[in-house]
Amino acid sequence: MKAKLVIVVAILSLGVPVFAHRLDEYLQAMIVAIEQGQIHASMRLVPGVAVSSAVIAAIDSDGDGIFSHAEQQTYAREVLGDLTLSVDGHALKPWLRAVSFPAPADMKEGLGEIHIESYFRLDYVQASPERDSFLLRWRSRFITALASFAGVPSMFRLGMRHIAEGTDHLLFLIALLLPAPLLAVRSRWAAAGSIHHSLVQIVRVVTAFTIGHSATLGLGAWGLVSLPSRVVEVLIAFSILVSSIHALRPLFPGREPAIAAGFGLVHGLAVATTLQNLGVGPWQRIASILGFNLGIETMQLIVVGAILPSLIALSRTPAYRVFRFCGALFAGFASLGWIIERLFGVPDFVDGLVDRIAQGGVWIAISLIVTSILLWLRHDTHSNHGTVTEQLSHPTLEGI
């Protein structure tokens, strides 16, 4: 028995493109799982700030500011009405299994996620012959695996976008890398080590952080490890504070990889919440974790690669002390603001400030590279000039 599966997602009738930035448009994602006798579809819709008012108006038909059960069911069925699925030319009817809607206030901030769980019955399948049933079962498993890993590129892009928007994760890593090119002498950061030393230290820190957060990302996504979200967010802010203090004065010189791995475990728990409660099978979860984590690591490597030349070049100039001092103070200031906000729920302007700076990250990286090269060349020229002057002032015996 041959089964041809055709899925057409027409959620675009909502008037917004797929995979848009959650603050600007309408992020939409769907994971399809082929199961015994049915097809399960898990949909996640995240209205951005720019379109949240229109989406809220479409859901809240009576305008009372509350999403009633009937309104949620109606909106979910309208979305499913735009979803077309057929097998061997036979159109399948979607059945609504469960819905979950955020509060209107969260949706206005671009934070709420709409979850719609549905399924399509495969009643037409005749599984009376034992061989046909066996082949159909293995064909379904194979198609499920292919469909799962076909979604890896989407999860890869989602992982890159997630870490790009997760400025606290990047700020921790950057603050921890600030003193990486330097040598610690008597509880102070001294001159830069060799280029080999700097590269090895940076690679060790980044690798340890990757191992740490990848471990808890996988365990957390499977629900094996979890902590209250507020505790995780406060610990992440605390990790930035510790790394910023370490950038000013060495707290754990030579043990930066161990600190990166330890705090990486906490950062991974925060990222894992994105992959929890998807309501999908093991193949889909494996593919989601794989693609998502690859996206995170790729974005981290891009950021590290963008600042790596500047760190090494600047560390060989007197200007690096000022640069390191300012970077550490900024990271410490941001972390204190986040700790207060996340502990006591006090409104804070740190998020807005950090986000505005992060939006110019590309130009900041380019400016930093150009500045570091110019300063390094200037310092190198002055050093050579000083050496020549010293040799002329104190001639050697061979020159007499």
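Predicted model: local features only at pLDDT ≥ 70, side-chain atom pairs only at ≥ 80, totals over all residues.

Student: What does the secondary structure of the protein come to?

Tutor: The protein has 13 helices and 9 strands. Buried residues make up 42% of its 400 residues.

Student: Why is Ser-118 called buried?

Tutor: Buried means under 20% relative accessible area. Ser-118 has a relative accessible area of 0%, so it is buried. You will find Ser-118 in strand E7, which covers residues 114–121.

Student: Which residues is Ser-118 in contact with, leaving aside its neighbours within four places in sequence?

Tutor: They are Ile-39, His-40, Ala-41, Leu-80, Trp-95, Leu-96 and Arg-97. To count as a contact, heavy atoms must lie within 4.5 Å.

Student: Now the helices, please. How are two packed helices described?

Tutor: By the angle between their axes and the distance between the axes. For helix H7 (residues 195–221) and helix H9 (residues 256–272), the axes come within 6 Å and cross at roughly 35°.

Student: What makes the crossing of H7 and H9 right-handed or left-handed?

Tutor: A crossing is right-handed if the near helix is turned clockwise from the far one by less than a right angle. H7 passes H9 in a right-handed crossing. The contact includes Phe-209 and Leu-217 of H7, with Leu-265 and Val-271 among the residues of H9.

Student: How many residues of each class does the contact of H7 with H9 have?

Tutor: There are 13 nonpolar, 8 polar and 2 charged residues. Gly counts as polar here, and Gly-212 of H7 and Gly-264 of H9 are among the residues making the contact.

Technical notes: Residues numbered from 1 in each chain as written. Heavy atoms only, no water. Helix = DSSP H or I, 4+ residues; strand = E, 2+ residues; numbered from the N terminus. Buried < 20%, exposed > 50% of the residue type's maximum accessible area, 1.4 Å probe, protein only. Axes fitted to C-alpha atoms, helices over the stretch in contact; angles between N-to-C directions.
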